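Thanks for coming. Please have a look at it first.

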Amino acid sequence: GGKVGIGTSSPTEALDVDGTSIRLRQSLTPSSASDVGVTGQIAWDANYIYVCVATDTWKRAAIGTW
């Protein structure tokens, strides 16, 4: 049905991960809020989580320690 399950044989979404976390092994830092990107792309570096919210339009949220 076009759905992929990791750790589940009955995925309910396009990508369904049955686990406690996901991992992006390599960081990516967009050069600016208008850097090249596609809607839905997610990236990270040591200071921010980045989300591409529209073609070539990034937003970021700071990462802090606790």
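I start with Thr8, which has 23% relative accessibility and therefore counts as partly exposed. The cut-offs are these: buried is under 20% relative accessible area, exposed is over 50%, and partly exposed is in between, with a 1.4 Å probe and protein chains only.

Before going on, a word on the source. This is a predicted model, in which local features need pLDDT of at least 70 and side-chain atom pairs count only at pLDDT 80 or more, while totals for chains, interfaces and linings use all residues. Residues are numbered from 1 along each chain as its sequence is written, and side-chain values use heavy atoms, with hydrogens and water left out.

Back to Thr8. It sits in the loop between β1 (4-6) and β2. Strands here are DSSP runs of E with at least two residues, helices are runs of H or I with at least four, and both are numbered from the N terminus. Which residues does Thr8 touch, leaving aside neighbours within four places in sequence? Those are Asp16 and Asp18, where contact means heavy atoms within 4.5 Å. Ser31 is 23 residues from Thr8 in sequence, and their C-alpha atoms are 37 Å apart.

The next loop, between β2 (15-17) and β3, holds Arg23. With a relative accessible area of 62%, Arg23 is exposed. From Arg23 to Pro11 there are 12 residues in sequence and 19 Å in space, C-alpha to C-alpha.

Now the whole chain. How many helices and strands does it have? There are zero helices and five strands, so the order of elements from the N terminus reads β-β-β-β-β. The chain has a radius of gyration of 15 Å, well over the 11 Å that the globule rule gives for 66 residues, so it is more spread out than a compact globule. That radius is taken over C-alpha atoms, and the rule is 2.2 Å times the number of residues to the power 0.38. The C-alpha trace spans about 40 × 35 × 15 Å along its principal axes.

Of the 66 residues, 12% are buried. Taking contacts between residues at least 6 apart in sequence, 5% join residues at least 24 apart. The accessible surface is about 5300 Å², and carbon and sulfur atoms account for 54% of it. Areas come from the Shrake-Rupley method with a 1.4 Å probe, and for residues only the protein chains shown count as cover.

Next, the strand pairing. Two strands pair if DSSP finds at least two bridges between them. Strand β3 (residues 42-44) pairs with β4 in the antiparallel sense over three bridges, and the two form a hairpin with three residues between them. Strand β4 is also antiparallel to strand β5 (residues 57-62), and six bridges join them.

At 23% relative accessibility, Tyr48 is partly exposed. Tyr48 and Ala61 are 13 residues apart in sequence, with 5.4 Å between their C-alpha atoms.

The hairpin of β4 and β5 has two residues between the strands. What is the phi of Asp56, in the loop there? It is positive, about 55 degrees, although Asp56 is not a glycine. Most residues other than glycine have a negative phi. Asp56 has a relative accessible area of 32%, so it is partly exposed.

Last, the surface. Leu24, Ile42, Ile49, Val51, Val53 and Ile63 form a nonpolar patch with about 470 Å² of accessible area together. Patches are made of residues with over 30% relative accessible area and no salt bridge; like charges are joined within 9 Å, and nonpolar side chains (Val, Leu, Ile, Met, Phe, Trp, Tyr) within 5 Å. A salt bridge is a side-chain nitrogen of Lys or Arg within 4 Å of a carboxyl oxygen of Asp or Glu. Which strand gives the most to the patch? Strand β4 (residues 48-54) does, with three residues. As for Ile49, it has 37% relative accessibility and so counts as partly exposed.
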